[in-house]
Amino acid sequence: MWSVRGHWKQMEKTVAGKCLNQFWSVLLPLCLFLFISALFFDFCGLKQGVLINFSARAPKIFGQIHPIVDECVGQYIYVHNLPSRFNDDLLEDCHSINQWYDICEYLSNSGLGPQLSNSGDVDDFPNKSWFATDQFLLEVIFRTRMKDYKCLTNDSAMASAVYVPFYAGLEISRHLWGFNASVRDAVSNDLIKFLVEQPEWKRMWGKDHFLIVGRVTWDFRRMPNNESFWGSNFLRLPESENMTILGIESSHGADNDFGIPYPTYFHPSHDSEVFEWQNSMRRKRRQYLFSFAGADRPQDGDSIRGEMMNQCRASRDKCKLLDCAFDKKNNCKTINVMQMFQNSSFCLQPTGDSFTRRSTFDSILAGCIPVFFHPVSAYRQYLWHLPKEHTKYSVFIPMNYIKEGIASIEKVLLGIPEQRMLAMREEVISLIPKIIYANPSSKLETIEDAFDISIREVLQRVKEMRRVGRGERSTVG
C-alpha cells in the first residue's frame, strides 16, 4: 500500500546515493591532483639542490605542512671515484714511497700514525689524541675526513665542488730521485686524461674541482723546458691551473694555489681535549726566551741557520737549541721538541729546504710565538688559517739582518714589552683549533679545525668563480 512516508524514505535514499556519487567524483580527482603536485614540487626541489620534505613529521599550522629546507644546499661535494692506481694502490705498495725511511708504519690510524705515549714522568701527551704523524701524509688524512663529510652527494649535478682524491705527494715521492722527467710526469698526466673525460669536468672545465698535495709546491712545478730540473710538471699543466690546489706549501705566484697547515701530532676526538690543551699551554711557565730545533744548511749560501744557531749558543740560558744534524741520539724526537717549545716564549722558524716548516705549527700548538725571517714562510701562505695582521701572533726579522749581523735575536725579543708578549701568546693559543686536524674517527662539535676551514673556503671560492662566470661582480677583494 502506497504511503507518503514510504515515498519520502525512497526519495531520501535516491538523493543520498546521488550526492555520495557526486562527492567521490570530486574528491578522488582532487586527491590525485594534490598527490601529483607534491611529487612535482619534491622533484623540482631536488633538481634545485633543495630537499622539500612533505612527511607527516613536518610541523603543521592550521592544517598546513611546512617544508624542511636542506641544510647542505651550497655545501654538497662530489668525490671522484678514481682508479685505485691514483690512491689505494700507492698505500698497498707503501714500502716504495720513500727511499729514506719506511712510511708504512705512519699509515696506521687512517694516516695519523702510531699513537704516542708518555715516557717516565713526562706528561706532555695527556690523552690518546697524540700520534706520530708524518708531515707528508696530509693527503691520506684529508681523504679520510672527506669520507665522513656531512654533505657528500653521489649526484654530481647537485655538487657545489668536486674533490679529486689523488695522492699526488705519495706518488711523486717514489720518483723524485733517480728517475727521468717522463717517469715523474706519467701518473699525474694520466690523472688529467681521466678527469677531462668525465662529465663533471665539462661543467666548469675543472674550476669547481679541488685536490690536496701533501708535499711542497716545488715538487710539482718543474721549470718549463728543463727536464733535468727537480720534480714533476703536474701543477704547471693548464688543467691543473683550473683546479683549486691545497698544499702544505703553496706557490705565492699562483692564484689557484693555497697553503693549509701541515699536520701536527695532536688529533683530538672531542672539543674538551682542545680546551684542556689550550688551558694547559696558558699555565705553562716558560724557562727559555727563545729556542730552535733543526739543523744547519752549510751547503746553502743563502741560509741563515748557521748564524742563527751561533746566536742561540751565545745567548746561553736564554736560548735552547736542539741540533738535529746527524741526530744519532734521537734528541729531536717528538716529545723532546714539544717539551722545548712548551718551555719557550719564542720559537725560531727560518727557511730550510723550502720556505715553510712543519715546526711552525708545532710551535703554535705549544703556545710558542713563532719568529719568521721570510714573509713566504707564513704570511703569504696560510691566508685562510692565520691572521692577516701577522704582528698579532708572530715576530718578523728580515733574513739579511741576521746574515749581515745587523740584528741580535736576543735583543729584538727582549725589546718586546711583557704585556705585548702575553697578548701575542694568547693569540697563538687561540689559533690552536684552526691549525689542527681532528681525529677522523670522531667529530668536534663546536670547533672548526683546519679541515673545516679549508672546505668552507674552497666552497666560497667556487661560488665566487660561478658568480664571476655569470658576469656578476665578485665579492672577494
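Strand β4 (residues 161–163) and strand β5 run parallel, joined by 2 bridges. If you want a spot to look at, find V162, which stands opposite H209 in β5. Keep in mind as you go that this is a predicted model.

Now stay with β5, which covers residues 209–213. It has another partner as well: strand β6 (residues 244–247) runs parallel to β5, and 4 bridges join the two.

From the strands, let's move to a loop. P261 sits between β7 (257–259) and α8 (271–283). With a relative accessible area of 0%, this proline is buried. Its C-alpha is 5.8 Å from that of I248, although 13 residues separate the two in sequence. What else does P261 touch, once its neighbours within four places in sequence are left aside? Besides I248, its contacts include L138, F361, Y382 and H385. Further along the chain, P261 also meets K434, I435, Y437 and A450.

Another loop residue worth a visit is S129, found between α2 and α3. It has a relative accessible area of 1%, so S129 counts as buried. Its side chain makes a polar contact with the side chain of E273, at 2.5 Å. Setting aside the neighbours within four places in sequence, S129 is in contact with E273 and also with Y265, F266, H267, P268 and S269.

The structure holds 5 of them. Count the bonded cysteines along the chain and the pattern reads 1-4, 2-3, 5-6, 7-8, 9-10. Let's look at a few.

Start with C94 and C104, a disulfide whose sulfur atoms are 1.9 Å apart. Both cysteines lie in the loop between α2 (88–92) and α3 (138–147), so the link ties together parts that are 10 residues apart in sequence. The angle about the S-S bond is 110 degrees, and the link is right-handed. C94 and C104 are both buried.

Next comes the disulfide that joins C312 to C319, with 1.9 Å from S to S. Is this one left-handed or right-handed? The torsion about its S-S bond is about -95 degrees, so the disulfide is left-handed.

Finally, find C347 and C368, joined by a disulfide with an S to S distance of 2.1 Å. C347 lies in strand β10 (residues 344–349), while C368 is in the loop between α11 (359–365) and β11 (369–372), so this pair ties together parts that are 21 residues apart in sequence. The torsion about the S-S bond is about 115 degrees here, so the disulfide of C347 and C368 is right-handed. C347 is buried, with a relative accessible area of 0%, and C368 also counts as buried at 0% relative accessibility.

Definitions and conventions. Residues are numbered from 1 along each chain as its sequence is written. This is a predicted model: local features need pLDDT of at least 70, side-chain atom pairs count only at pLDDT 80 or more; totals for chains, interfaces and linings use all residues. Side-chain values use heavy atoms; hydrogens and water are left out. A disulfide is a pair of cysteine sulfur atoms within 2.5 Å. Buried means under 20% relative accessible area, exposed over 50%, partly exposed in between (1.4 Å probe, protein chains only). A polar contact is a pair of N or O atoms within 3.5 Å; within protein, one must be able to donate a hydrogen and the other to accept it, and residues adjacent in sequence count only if both atoms are side-chain atoms. Contact means heavy atoms within 4.5 Å. Two strands pair if DSSP finds at least two bridges between them.
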